[in-house]
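This report examines the chain shown below. The discussion begins with a helix and then turns to strands, cores and charged pairs.

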Amino acid sequence: MFASFINYLRFHWNMPTGLKQSSGQIEVSFEQLSVPGGFGQKRIDLQLNALDNEVFVVTGVKLDLTTPQSNLTGVAANIDASTFAALTTQPTSVMPTLADSTCFATASEKFRILEEIQAGGGYAVAFGAIENAVDTPHSMDYLAIIATPNFYVSTDGSSGNTNSNQVRGKLYGYRAAASSSIYASLVQSELLSS
């Protein structure tokens with residue numbers, strides 16, 4: 001009896017106000033590919049039931065990006081190559097950032113190559129790389145609440161990137177039923193913030 005009470009608390013303890021959890025943890029896998037140096041976006045359907053005021057409570061995100069590539073030019077040059085990815089609740093026409101109210105996760109990989117001509121015809125190469133993985137705060141009960149039936153995966157890359165921009169990822173969370181007033185507020189907030 002006591003063990004079932006502990007499981008009940010673990011399942012319902014951190015529930016956002018006005019929501020009732022209606023499923024266990026769910027993993028949603030996705031992939032998005034765009035042309036080198038170009039922006040691309042893909043809609044991922046969560047199959048939420050609007051008649052039951054169903055929402056998706058996001059508890060975690062994992063994004064894996066392709067490593068950017070570039071060709072050495074053989075002349076003095078600075079080459080920047082980068083790949084970016086973001087998850088949003090609404091479609092966008094440009095690469096979103098965390099400063100956008102509909103964006104709830106981002107990741108990036110960047111590198112810079114500095115080529116320098118040396119005396120005698122040789123050249124030196126300096127290389128630097130930065131990876132910005134998804135930072136999921138561990139002290140938060142949830143990252144986002146998606147009230148519309150989709151979320152969007154965006155990818156972009158710099159002009160120095162010669163390979164396709166690709167992200168593979170997982171969205172973790174659970175379905176929940178919202179009260180009518182909470183559901184209406186969440187949907188309106190999502191739609192008006194885009």
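## The two sides of helix H2

In this predicted model, Ser 181 and Leu 192 are exposed on one side of H2, whereas Tyr 183, Val 187 and Glu 190 of the helix are buried. An α-helix has 3.6 residues a turn, so residues three or four places apart point the same way.

Helix H2 comprises residues 180–192, 13 residues in total. From its first C-alpha to its last, the helix reaches 18 Å, close to the 18 Å expected at 1.5 Å a residue.

## Strand pairing around S10

With strand S4 (residues 54–65), the pairing runs over 11 bridges, and Asp 64 stands opposite Arg 168 in S10. With S2, the antiparallel pairing extends over 9 bridges; Ser 34 stands opposite Asn 165 in S10. Strand S1 (residues 19–21) pairs with S10 in the antiparallel sense over 3 bridges, and Gln 21 has Ala 176 of S10 as its bridge partner.

## Nonpolar cores

The largest nonpolar core contains 21 residues, of which Leu 87, Phe 104, Phe 151 and Leu 171 touch the most other members. Two or more residues each come from S2, S4, S5 (77–88), S6 (103–117), S8 (144–146), S9 (150–157) and S10. Strand S4 supplies the largest share, 5 residues. A second, separate core has 10 residues, among them Val 57, Ala 147, Tyr 174 and Val 187. Val 187 is also one of the buried residues of H2.

Which residues does Phe 151 contact when its neighbours within four places in sequence are left aside? Its partners include Val 28, Phe 30, Ile 44, Leu 46, Leu 87, Ile 146 and Leu 171. Also in contact with Phe 151 are Lys 42, Arg 43 and Thr 88.

## Salt bridges

Side chains of opposite charge can pair when their charged atoms come close. The whole structure contains 4 salt bridges. In one of them, Lys 170 and Glu 27 have their closest N and O atoms 3.6 Å apart. This pair links distant parts of the chain, with Lys 170 in S10 (residues 165–178) and Glu 27 in S2 (residues 26–34), 143 residues apart. Lys 170 is partly exposed at a relative accessible area of 27%, while Glu 27 counts as exposed at 52% relative accessibility.

Arg 168 and Glu 31 also meet in a salt bridge, at 3.2 Å from N to O. Because Arg 168 lies in S10 and Glu 31 in S2, the pair ties together parts that are 137 residues apart in sequence. Both side chains belong to partly exposed residues, with relative accessibilities of 46% for Arg 168 and 35% for Glu 31. A further salt bridge joins Lys 62 to Asp 64, with the closest N and O atoms 3.2 Å apart. Lys 62 is partly exposed, with a relative accessible area of 42%, and Asp 64 is partly exposed with a value of 42%.

Note on methods. Residues are numbered from 1 along each chain as its sequence is written. This is a predicted model: local features need pLDDT of at least 70, side-chain atom pairs count only at pLDDT 80 or more; totals for chains, interfaces and linings use all residues. Side-chain values use heavy atoms; hydrogens and water are left out. A salt bridge is a side-chain nitrogen of Lys or Arg within 4 Å of a carboxyl oxygen of Asp or Glu. Helices (H or I, at least four residues) and strands (E, at least two) are DSSP runs, numbered from the N terminus. Buried means under 20% relative accessible area, exposed over 50%, partly exposed in between (1.4 Å probe, protein chains only). Two strands pair if DSSP finds at least two bridges between them. A nonpolar core is a set of buried Ala, Val, Leu, Ile, Met, Phe, Trp, Tyr and Cys residues joined through side-chain atoms within 4.5 Å. Contact means heavy atoms within 4.5 Å. The expected span of a helix is 1.5 Å times one less than its number of residues.
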